[in-house]
Amino acid sequence: MIKKRLFKAALMAASLALSGMTAMAASSGKCGENLTWTLDDEGALVVTGTGAMYNYDDEMNEKWDKTLIKTVQIGPAVTTIGTYAFSGCESLTKVMLFNNVLTTIGDFAFMWCINMKSITVSSSVKTIKQYAFAQCKALEDVVIGKSVSDIGMGVFSQCGALKSIKVKDGNMTYDSRDDCNAIIHKETTELVRGCQNTVIPNTVTSIGVGAFSDGYGLESIYIPNSVTSIKNSAFFKCKDLKHVTIGASVVSIGKYAFQECFSLRSVAMGASVASIEDAAFAHCRSLAKLTVVAADPPICGTKGVFTGVNKDVCELIVPSASVDLYKAAFEWKDFKNIILGTDDLVADGGISVLVSGHTISVLGADTDAEVEVYGISGMAVYRGTDKTVTVPASGVYVVRVAGKAFKTVVK
C-alpha cells in the first residue's frame, strides 16, 4: 500500500512537471521588518508584507541570489524599495510596481539591471533617488507616474538606449510637454533628462546637468532660442551625435558639455554665447566645422575647451569683422591657420543666416521650421527642414524661414 501511494505521488509530480505547474519557491527570507521575499525556480521574486524594505548598501542584511532573478513583483503594501535592492540583477527583465502605497525607490535600487527594457513608475511613487536606474543599458521606455516630485541625480545616467520618456498627465512637478520625449521640471523649465528621440520644446530655458549624457542614437540636436544655458556634462559622451545647432539665446556652455562626442562633426553657436567652460568640446576628434556668430569671442575656460580637436583641419567660421579678435583670443587663436571670415551674416530677431563658401546655414529656427532657398531668378534651390544648405553656384539667394526672408550673397 505504501509503495502504491509513493508511486502515485511520483506520478502526480511528473504530471505537474510536464504541465509546467511546478514553479516552486527555491528560496525565501526577510527583506524588511515586516516584509518577506520568495524566489521561485523560474526566477520570479515576490515581495510581500507591509512597510519599508531594508537598505542594502552596508550588505548587513541577507539578500536573494541576484543572478537568478528574472522578474520582480512588489506587493501592494510595500512602501519603499531599498537602497541597492536589485542592483546588478543582470537577468532581470520585468518589474511590477502596481500598488497604491509605494512612495520611494531608493538610491541605486535597479542600477546595472542591464536587460530591463521598460519601467512604469506607479502613481503613488513620490521620490526616485539618485542613480536608481543608472546603467540600465537596455532600458528603452520610461513612464513617470503623476505623483513623482523628486528625481535624484543621475537616475537614468548611462541609459543610452532610451527612446521614449513620458511623464503622466497630472504630475505637478514634471511634464513631457508637446510629446517631447523628455522630463522637464515645470517650475524651472529645465530639461532634466532626454533621450535619442527628444525634441527640445521652445519653452525650455536650460539643459540640465547630464541631461543627455552617455546616450546613443541621438545624431543631431537643435537647442531652441528659449534656452539660455547648457549645463555641465549635458551631452557628455553622446557617441552618435554629429550635428549641433545652438540657438540665439544661449549665454553659457558648461564644463564637459560635449566632451568625448567622438562623432561630432559640426557645431553652430548663436550670437549670445559669452562663455564656454573647461573641456566643453574636449576630444571631439571629428569636429570639422565650428560656426560662431558672436561678434566677441566667447571666453573659454582655462582647462582645454577644445583639447583633442584637430585645429589644423577644423574650420572656424566667424563674422568677417571679428576675424582679428578671434585670432588674438585665448583658445580661439589656436585655429589660426584656418579661421575664415563669413562672407555674409544677416539676422532678424532670433534667426540668423550665415554664408560661408557655398554653404548657407540657418541659426535659431525651430527644428521643424521649413527652409526655402531661391535663386535670384525665383527658382527654388531647396525646400525642407535642413538648416544647412549647399548651393550649386555663386550668386544672390533668398532664404525664407519662419515667415522671414533673408537676402544673401554667395561668392
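Which residue of β3 is the bridge partner of T38? I looked this up first in the model, which is a predicted one, and found that T38 pairs with V46 in β3.

**Entry on the hairpin.** I then followed the two strands around that pair, and noted that β2 (residues 35-40) and β3 (residues 44-49) run antiparallel and are joined by 5 bridges. Together β2 and β3 make a hairpin with 3 residues between them, and in the turn I noted G43, whose phi is positive, at about 85 degrees.

**Entry on A274.** I next turned to A274, which I found in the loop that links β22 (266-269) to β23 (275-276). Is A274 buried, partly exposed or exposed? Its relative accessible area is 36%, and because that value falls between the limits of 20% and 50%, I recorded A274 as partly exposed. Setting aside neighbours within four places in sequence, I listed V251, P298 and I299 as the contacts of A274. I also noted D296, which is 22 residues from A274 in sequence, with a C-alpha to C-alpha separation of 7.9 Å.

**Entry on the nonpolar cores.** I looked up the largest nonpolar core, which has 50 residues, and wrote down I207, I230, F235, I253, F258, F281 and W332 as those that touch the most other members. Among the elements that each supply at least two residues of this core are β22, β24 (289-292), β26 (315-319) and α2 (323-328). Another core, of 48 residues, lies apart from it and includes V47, L97, I128 and Y174.

**Entry on W332.** Beyond its neighbours within four places in sequence, I found W332 in contact with residues including I276, L290, V292, P298, L316 and Y326.

How values were computed:
Residues numbered from 1 in each chain as written. Predicted model: local features only at pLDDT ≥ 70, side-chain atom pairs only at ≥ 80, totals over all residues. Heavy atoms only, no water. Helix = DSSP H or I, 4+ residues; strand = E, 2+ residues; numbered from the N terminus. Buried < 20%, exposed > 50% of the residue type's maximum accessible area, 1.4 Å probe, protein only. Contact = heavy atoms within 4.5 Å. Pairing = 2+ DSSP bridges. Core = buried A, V, L, I, M, F, W, Y, C linked by side-chain atoms within 4.5 Å.
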